[in-house]
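Subject: Structure for your files

Hello,

The sequence and the structure come first below. My notes on what was found follow them.

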Amino acid sequence: MDFITNPIYVLAVLCFMVILAIYAAKTKFGKQFGAALLVILFTAVIANLKLIPSASNSIPLYSGIFHYIAPISIFYLLLNVNLTSIKRAGLPMIGLFVIGSLATTLGILISWFILSPESVLGQDGKIIAGMLTGTYTGGGLNFNAIALEYDFQENGVLYAGTIAVDNVVTTIWIIATLAIPNVLRRFWKDKTNLKSSISNENEARPEDEYIDFISLMWLLFLGIAAYYISDLLSDLLPQVPSILILSSIGIVLAQTKFVAKLKGSHNLGLYLVFIFCAVIGAYCELSAVAELKEVGVTLLLFAGLAVLLHGVIVILLGGLLYRDWEMIAIISQANVGGGTTAIALAESFNRKDLVLPAILVGTLGTALGTYLGFLVVYIL
């Protein structure tokens, strides 16, 4: 069935999943989950039914969405950032993110000693532990940096299986972090000082509810041009991640009167985030984990327990220090899923004050993740 890998067909399906999720999120039942989670779940279902490609038979369209659409979506969301609120939310976010990164490392080490995965995985177990530490601190870049150092990608089946497990655990954790605030505040109330001091400054602009032709024309140009410039600059400054350069361009432009008057940047950015979330769902491939049998089960238990321990540590320490459950959930998602899924979470919670900090801590995670990954390999 060649049509299943046809990029136009797949893109149409992804767009339709976003439509379904948006409408479902307006229902009484769907409101409890939010559009970001629903689009992931809907796409995961159809991908596992093999109606669209998944991780094991990924198509260039998916790579293009990760490479181009996700960064440009961040750029658009930054075009109406309030720098005053960012300053107030930034320090707690950075503090919590450092806690989350250390919690990931501790989670991996504790999970290793509880489950002893080396009995099934052998010497590859240490490398996998380092790769998972990297990806659950800052994302896939760290995962691959550690894999390349040890030529782990040459172990095709195990490498693919580890990616599949990572995708499944990440998707499950997105679901968990969306639920965490509602569950926890039932018996451990938020501290209101931080959230109340910034919420009033971040009401959605009424003009952002619609987009006119002039705004659309300029937004498309600015998004593509800013991405191209950030790509060029990252080649000249390889030590600076291109997403950080792109984010900086967006923040600077957001302070100009001309860009501030453009309508619809938030909605355009949010739509692209949902397309990215749809691909995250498509990558959640349960059959790939099942095909690995004992190795797959071991990997799933090891990664799952490590992320669960990370969550427990972040919730306990974050609850004692800040007790802003939405912020804590977003920080944990920035660790486990990366900056873009953290942004989707911030949008689901309607916490626009946390969009930029989510991006910044996501970048910090990229910087920290590889070091912590190699540290874990060294310790084990």
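A term needed further down: a residue is called buried under 20% relative accessible area, exposed over 50%, and partly exposed in between (1.4 Å probe, protein chains only). This is a predicted model, in which local features need pLDDT of at least 70 and side-chain atom pairs count only at pLDDT 80 or more, while totals for chains, interfaces and linings use all residues. Residues are numbered from 1 along each chain as its sequence is written, and side-chain values use heavy atoms, with hydrogens and water left out.

Overall make-up

The chain has 18 helices and zero strands; both are DSSP runs numbered from the N terminus, helices being H or I with at least four residues and strands E with at least two. Of its 380 residues, 53% are buried. Taking contacts (heavy atoms within 4.5 Å) with a separation of 6 or more, 81% are between residues 24 or more positions apart. Areas come from the Shrake-Rupley method with a 1.4 Å probe; for residues, only the protein chains shown count as cover.

The salt bridge

There is one salt bridge in the structure, meaning a side-chain nitrogen of Lys or Arg within 4 Å of a carboxyl oxygen of Asp or Glu. It joins the side chains of Asp212 and Lys263, at 3.7 Å from N to O. Asp212 sits in the loop between α9 (193-199) and α10 (213-236), and Lys263 in the loop between α12 (257-260) and α13 (265-282), so the pair ties together parts 51 residues apart in sequence. Asp212 is partly exposed at 27% relative accessibility. Lys263 is also partly exposed, at 22%.

The nonpolar patch

Leu106, Ile110, Ile114, Leu115, Val297 and Leu301 form a nonpolar surface patch of about 520 Å². Patch residues have over 30% relative accessible area and no salt bridge; nonpolar side chains (Val, Leu, Ile, Met, Phe, Trp, Tyr) are joined within 5 Å, like charges within 9 Å. Helices α4 (83-115) and α15 each supply at least two of the residues, and α4 gives the most, with four. Leu115 belongs to α4 and is partly exposed at 35% relative accessibility.

Helix α15

Helix α15 covers residues 294-321, which is 28 residues, and at 1.5 Å a residue it should span 40 Å; its end C-alpha atoms are 40 Å apart, which agrees. The expected span is 1.5 Å times one less than the number of residues. Just after α15, Arg323 has a positive phi of about 55 degrees.

Regards
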